[in-house]
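Here are a few exercises to work through with the model open in your viewer. Try each one yourself before reading the solution.

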Amino acid sequence: MGGRGGVVRGNDLLDLALCRVQTMTVKPQGIQRKRTKGYDMQAESMALNGLPCVSVCRPGRWGNHHRVGWCELCGETHTAAQAVEEYRQDIGYDAQMLIQAQLAGHNLACFCNLGEPCHRDVLLAIANGGEG
């Protein structure tokens with residue numbers, strides 16, 4: 001790069017830009033899923049950071065079965081933070097391996113508000129090399 005006498009040519013800039021894009025790591029993020037007509041979760045995800053999205057809502061494989069309020073699963077009343085902590089404690093080693101295999105490199109969507117406790121954050125951390 002640099003051309004003759006230190007002059008940067010257009011192709012050199014393009015090569016540099018492509019090199020930066022290839023080495024840039026995109027961090028998966030949480031998305032708040034919506035129920036509005038015409039909402040496209042994948043389009044929102046791709047616009048956010050170019051990654052596909054997986055829904056982690058109830059009911060489903062990744063949904064948190066510990067509900068906020070009265071939880072029939074454990075017979076207790078939970079705050080959002082308590083429901084997330086119960087979910088975290090339920091995840092075993094085998095489930096962590098499955099989460100990493102299936103959710104790594106994806107944005108994760110749940111109906112919970114962003115910035116509030118949500119099991120989606122536990123899944124994001126595990127899927128991308130953390131410990132939830």
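This is a predicted model: local features need pLDDT of at least 70, side-chain atom pairs count only at pLDDT 80 or more; totals for chains, interfaces and linings use all residues.

**Exercise 1.** Work out the strand order of the open sheet and say which strands stand at its edges.

*Solution.* Three strands make up this sheet; reading across, the order is β1-β5-β2, with parallel pairing. β1 (30–32) and β2 (53–55) each have a single partner strand, so they stand at the edges and one side of each has no neighbour in the sheet. From one strand to the next, the twist averages 30 degrees. Then zoom in on one pair: β1 and β5 (residues 107–110) are joined in the parallel sense over 3 bridges, and Gln 32 sits opposite Cys 110 in β5.

**Exercise 2.** Describe how helix α4 and helix α5 cross, and classify the residues where they meet.

*Solution.* First the geometry: the axes of α4 (residues 93–103) and α5 (residues 119–127) come within 8 Å, crossing at roughly 85 degrees. Angles of 65 to 115 degrees count as roughly perpendicular, so that is the label for α4 relative to α5. Then the contact itself: α4 brings Gln 96, Ile 99, Gln 100 and Leu 103, which meet Leu 123, Ile 126 and Ala 127 of α5. Sorted by class, that contact has 5 nonpolar and 2 polar residues, with no charged ones.

**Exercise 3.** Identify the residues with the most contacts inside the largest nonpolar core, then trace what surrounds Trp 62.

*Solution.* The core has 17 residues, and the ones with the most contacts inside it are Trp 62, Ile 99, Leu 103, Leu 108 and Leu 123. Two or more core residues come from each of α3 (80–90), α4, β5 and α5; α5 gives the largest share, 5 residues. Now take Trp 62. Leaving aside neighbours within four places in sequence, its contacts include Val 54, Tyr 87, Ile 99, Leu 103, His 119 and Leu 123.

How values were computed: Residues are numbered from 1 along each chain as its sequence is written. Side-chain values use heavy atoms; hydrogens and water are left out. Two strands pair if DSSP finds at least two bridges between them. Helices (H or I, at least four residues) and strands (E, at least two) are DSSP runs, numbered from the N terminus. Axes are lines fitted to C-alpha atoms, for helices over the stretch in contact, and angles run from 0 to 180 degrees between N-to-C directions. Angles under 35 degrees count as roughly parallel, over 145 as roughly antiparallel, 65 to 115 as roughly perpendicular and the rest as oblique. Contact means heavy atoms within 4.5 Å. Ala, Val, Leu, Ile, Met, Phe, Trp, Tyr, Cys and Pro count as nonpolar, Asp, Glu, Lys and Arg as charged, and the others, Gly among them, as polar. A nonpolar core is a set of buried Ala, Val, Leu, Ile, Met, Phe, Trp, Tyr and Cys residues joined through side-chain atoms within 4.5 Å. Buried means under 20% relative accessible area, exposed over 50%, partly exposed in between (1.4 Å probe, protein chains only).
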